[in-house]
Protein chains: 2
Amino acid sequence: MHKEIDPAIRKSPLFAGISDQELLYLMNCLRPKTYTYKRNDYIAVEGSSFDSIGILLYGEATVSKENASGNRVIISTLKPGSMFGEMFVFSGQTLWLSTIQAQKNSAVIFLQRDKIIGECGNVCPWHKKLIWNLLKIISDRAIMLNKKVEYLTIKSIKGKIAAFLFEQYSTFGSSTFVIPMKRKEMAEFLNVSRPSLSREMSRMRDEGIIDYHMSAFKILDPDRLKKYL
Amino acid sequence: MHKEIDPAIRKSPLFAGISDQELLYLMNCLRPKTYTYKRNDYIAVEGSSFDSIGILLYGEATVSKENASGNRVIISTLKPGSMFGEMFVFSGQTLWLSTIQAQKNSAVIFLQRDKIIGECGNVCPWHKKLIWNLLKIISDRAIMLNKKVEYLTIKSIKGKIAAFLFEQYSTFGSSTFVIPMKRKEMAEFLNVSRPSLSREMSRMRDEGIIDYHMSAFKILDPDRLKKYL
DNA sequence: TTAAAACGGTAACAACGGATACCGATTTTT
DNA sequence: AAAAATCGGTATCCGTTGTTACCGTTTTAA
């Protein structure tokens, strides 16, 4: 039986709302496997078989994928507490679609698909919480992607700007707000070039619809802004 | 206790791999609530509280959403067996984000969040299967959306065509294949206009990279096709 | 505090993609 | 089999967006 909880584990939203004591029981039930890797070791290789969620305990690792033109592209970097594979483990996918490589000496704890759903004879409340958390994580991802698709589907830059500013407007609940992005990031988020974004924004300013300075925005005429949507 | 299984229920992937007999037990455990609606009745109203997945048993209903400019837009139409709310029920979302309205006399069976995770004392195998199915459905949606984002992020039409054809190429495993779409659908999928799609495709044909007739395609020069990615 | 780097706005130009209209090919309906 | 509807390709035109380059402003580092 596990004796102590790795602090990286506590960072994972997968175990949110589960006490240390419960987590010990849960680990006993999940019987996870921990492996250690040296710098540059492969943690998972694209195309190899796959049945677990992984959580990085310490170290650092990169997730990369071969794109259609045959180049390997780093998609993301994993830090202690980062989870990977959670979107695929219940999708029917049996092979890794990306390669994960340790960039420093690292350790990963693997939670098997079947054990997550539960093999322990009785339903433990912490196990239910685990499943709830997993459902929440994947649902939130799907919702986020759905929103991203909405933005990307808008064709005109002004339409994107309007949608973006309305989103901020309604989350801040005020017509003046500061966005948490630089222009370059905003341009990347909206999938347009930075000069084009600046040009369209200044046109909207000329029209008296919005005003802004750096990251501080003010919506002057919400009705006309709406028309761009 | 439920005595029989509604045939619409059987269509839902949520209950895939669960036998009729098991499904009866499961229903006893889930204790779903069924409501009937007359044409034009509201099944759910944007902003009202929310704790269940719904499955349409018979009839027809529309899912609509108010966009930022204040117009109501129909997102999808539900048919018998269609599920709704599954992406939100475990997301922490407590209010409906869309309005669902019956278009014909309809009935809906609601499965409560808490009951799905399981309140029955012992773990029944069919209950595990249910959770597995739900995880699979939401994961598949997230994966699909992820792929969609990949396509939408590509800026040039030729790039989109190349990515699309490579995808078909690798799934069919052959350089000749028939796609399951008409031009109009393909254009919508890639988020471009149909004439623009035709123009770019015929340019690529002129260049000797691909050949096609209606829905039948042939990749002539994969290497040059790759360069568009 | 000053120098360097990063950030943001602007302008000119070219490339790209959308709108529209039309026509022939293909499929569906009768 | 003929008529109608749908589908797909093409041409023209024009608005939109990206590219590049430059410069002033703001932030960061020395």
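1. A residue is near a strand if one of its heavy atoms lies within 4 Å of it. This is a predicted model: local features need pLDDT of at least 70, side-chain atom pairs count only at pLDDT 80 or more, and totals for chains, interfaces and linings use all residues. Residues are numbered from 1 along each chain as its sequence is written, and side-chain values use heavy atoms, with hydrogens and water left out.

2. DNA strand C has 20 residues around it; A:R183, A:S198, B:S156, B:I157 and B:R199 come nearest.

3. Serines reach phosphate oxygens of DNA strand C. A polar side-chain atom lies 3.0 Å away for A:S198, 3.2 Å for A:S202 and 3.0 Å for B:S196. Helix 6 (183-190) and helix 7 (194-206) of chain A, and helix 7 (194-206) of chain B, each give two or more residues to this surface. Helices are DSSP runs (H or I, at least four residues), numbered from the N terminus. Helix 7 of chain A gives the most, four residues.

4. Between the protein chains, 43 residues of chain B contact 43 of chain A (heavy atoms within 4.5 Å). They bury about 3600 Å², 69% of it on carbon and sulfur atoms (accessible area, 1.4 Å probe, lost on being put together and summed over both parts).

5. Two salt bridges link chains B and A (side-chain nitrogen of Lys or Arg within 4 Å of a carboxyl oxygen of Asp or Glu). A:E150 and B:K65 form one, at 3.9 Å, N to O. On the side of chain B that touches chain A, helix 4 of chain B gives the most, with 19 residues.

Notes: Chains are lettered from A and ligands numbered from 1 in the order in which they are written. A polar contact is a pair of N or O atoms within 3.5 Å; within protein, one must be able to donate a hydrogen and the other to accept it, and residues adjacent in sequence count only if both atoms are side-chain atoms. Buried area is the accessible area (1.4 Å probe) that two parts lose on being put together, summed over both.
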